[in-house]
Number of protein chains: 2
Amino acid sequence: MKVVLIGAGNLATNLGKAFKKAGIEVVQVYSRTKKSAKLLSDILVCNWTIDVQEIVDDADYYIFSVKDNVLEQLIIDVCSHIKTGIFLHTAGSMSCDVFKNKVNKYGVFYPLQTFSKNSYVDFENIPIFIEGNSIEVSQQLEMLAKKISINVYTLTSEVRQYIHLSAVWVCNFVNHCYSIGQDILAQHGIPFKVLLPLIYETTKKVSYLQPKEAQTGPAVRGDKNIIEKHIKLMHDNPQWQELYKNFSQNIYDMSSSKKKHYDKL
Amino acid sequence: MKVVLIGAGNLATNLGKAFKKAGIEVVQVYSRTKKSAKLLSDILVCNWTIDVQEIVDDADYYIFSVKDNVLEQLIIDVCSHIKTGIFLHTAGSMSCDVFKNKVNKYGVFYPLQTFSKNSYVDFENIPIFIEGNSIEVSQQLEMLAKKISINVYTLTSEVRQYIHLSAVWVCNFVNHCYSIGQDILAQHGIPFKVLLPLIYETTKKVSYLQPKEAQTGPAVRGDKNIIEKHIKLMHDNPQWQELYKNFSQNIYDMSSSKKKHYDKL
């Protein structure tokens, strides 16, 4: 099984390492820049190129891990001289059909994780959501995905969008909450690390409690005094004030509707 | 050293267990309801009461862990017959001065953690922020806190408010992001557990990266296409749309100002 990685960013790097570990051969890395193409090919011990025309035409899989806004043009460029193999992308919010009428066999290979180049991620427990343009392709993708993860799910492009959306909430927005917490403390000379035990416990709780059951704090208690105090403390940052207000209102509304829901039962 | 716990909620329960483990005697639990007073006193093997007048008057510490809106009245009621001992509360956003002119020795004992009654929390690494109304009280509080935690900090009421505010961001609002993620998936029949590896990794990252360096996703990339798609997907929930927009704008603005900041250096 021969794989070409198109793109050499965080996702491609981690995926390439996982393939290598599973004995799947990455034969070539393509990237727009020599630096990142070479960097990843050094790790995977394979060829690299920055010329689309030099991408080998005999691989089994071409996996595109590039920014959404360059994906479509890159597919057109690559497909101009490569006609066989299975074409895949790894994007949460791009349809499988971005390959339609360009190649015969295609699909999506979407690992749900946040990747950094320098942080090792064990793929085994990462959910991989796959989609093929035919039953045959889907089956092949399932086999490929199961070589690196025990959590493989077949999913339509339609539903995959919602996975991506929820990932933005539980990863990107959560991380931004950490940033804001850090900034608030830094203004008073307090290091971020004092928050870490609280951050770990908050995460740990949702492994055995429903998030709604784990909710604590002034908003769920409807403690208007604290909420007003906190909003005043952020007087020099209207964006944070707005976010804080909307969060508190939504927490209160969602917990009230839950209570109403229970009252009905 | 004899402690009376006033309140029998999540914080009092966990604090009582930590005291017991450290060999500090909790002699009595007061709560408004018999059920919770008895429940906690059973765990701690001590007396309980629901009558303020029956609270023993010879303890060394009276620790109030009750809702902010009942704290002040409860202090007045308890102090009507108890004149000695050190009076403490555990609230992030209440001033130390809530005890002023009511008792002689008082302070704050604020453990920064999210507590559930049924989840065991190891106090050792939990930061405890203390404040006494005199140097003598502060020293006694420091000794008490160090019996259960290795992270003890002296802090004014003024700065403690900001600790509480940042805790709301990194705990309460983070947990609400988990709730929203769960709800979005549930609408499409996908279980919350698929998000757990992503949630763990997001938390793990900030133990060795600054949150701003760990930021990923469409907002920090300025990927307007995805942002617009996501907002459309939430068409039946205007509150989430508003939060999503504000989050994305703030992530983008904060990362841009960081870049500008770097450009200046």
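At what angle do the axes of helix α9 of chain A and α5(B) cross, and within what distance do they come?

**Entry 1: ground rules.** I am working on a predicted model, where local features need pLDDT of at least 70, side-chain atom pairs count only at pLDDT 80 or more, and totals for chains, interfaces and linings use all residues. Residues are numbered from 1 along each chain as its sequence is written, chains are lettered from A and ligands numbered from 1 in the order in which they are written, and side-chain values use heavy atoms, with hydrogens and water left out.

**Entry 2: α9(A) against α5(B).** I looked up the opening pair. The axes of helix α9 (residues 224–233) of chain A and α5(B) come within 10 Å and cross at roughly 100 degrees. The axes are lines fitted to C-alpha atoms, for helices over the stretch in contact, and angles run from 0 to 180 degrees between N-to-C directions. α9(A) is therefore roughly perpendicular to α5(B) (65 to 115 degrees; under 35 is roughly parallel, over 145 roughly antiparallel, and the rest oblique). Helices (H or I, at least four residues) and strands (E, at least two) are DSSP runs, numbered from the N terminus. From α9(A), A:I226, A:H230 and A:L233 meet B:Q161, B:Y162, B:H164, B:L165 and B:V168 of α5(B); contact means heavy atoms within 4.5 Å. Ala, Val, Leu, Ile, Met, Phe, Trp, Tyr, Cys and Pro count as nonpolar, Asp, Glu, Lys and Arg as charged, and the others, Gly among them, as polar.

**Entry 3: α5(A) against α9(B).** I then took helix α5 (residues 157–186) of chain A with helix α9 (residues 224–233) of chain B. They pack at an angle of about 100 degrees, and their axes are 10 Å apart. α5(A) and α9(B) are therefore roughly perpendicular to each other. A:Q161, A:Y162, A:H164, A:L165 and A:V168 make the contact from α5(A), and B:I226, B:K229, B:H230 and B:L233 from α9(B). The classes in the contact of α5(A) with α9(B) are five nonpolar, three polar and one charged.

**Entry 4: B:Q161.** Buried means under 20% relative accessible area, exposed over 50%, and partly exposed in between (1.4 Å probe, protein chains only). Leaving out residues up to four places away in sequence, B:Q161 touches A:H230, A:L233 and B:G92.

**Entry 5: chain A overall.** I count ten helices and eight strands in chain A. Its C-alpha trace spans about 65 × 50 × 30 Å along the principal axes. Of its 265 residues, 57% count as buried. UniProt, in an unreviewed entry, lists residues 2–76 of chain A as "domain: Pyrroline-5-carboxylate reductase catalytic N-terminal", and that stretch is 43% helix and 24% strand. For residues 126–250 of chain A the record, also unreviewed, gives "domain: DUF2520"; there I find 66% helix and 6% strand. UniProt positions are in the numbering used here, feature names are shortened, and annotations may be inferred rather than shown by experiment.

**Entry 6: the core.** Which residues touch the most other members of the largest nonpolar core? Of its 128 residues, they are A:F64, A:F87, A:W169, B:F64, B:F87 and B:W169. Such a core is a set of buried Ala, Val, Leu, Ile, Met, Phe, Trp, Tyr and Cys residues joined through side-chain atoms within 4.5 Å. I followed B:F87: not counting residues up to four places away in sequence, its contacts include B:Y62, B:F64, B:I82, B:F99 and B:Y106.

**Entry 7: loops.** Most residues other than glycine have a negative phi. A:N101, not a glycine, has a positive phi of about 65 degrees. A:N101 lies in the loop between β5 (86–89) and β6 (106–111) of chain A and is exposed, at 78% relative accessibility. B:V45 also has a positive phi, about 55 degrees. B:V45 sits in the loop between α2 (34–44) and β3 (47–49) of chain B, and is exposed at 64%. I also checked B:D57, in the loop between β3 and β4 (61–64) of chain B. B:D57 is partly exposed, at 45%, and touches B:Y62, B:H81, B:I82 and B:T84, not counting residues up to four places away in sequence.
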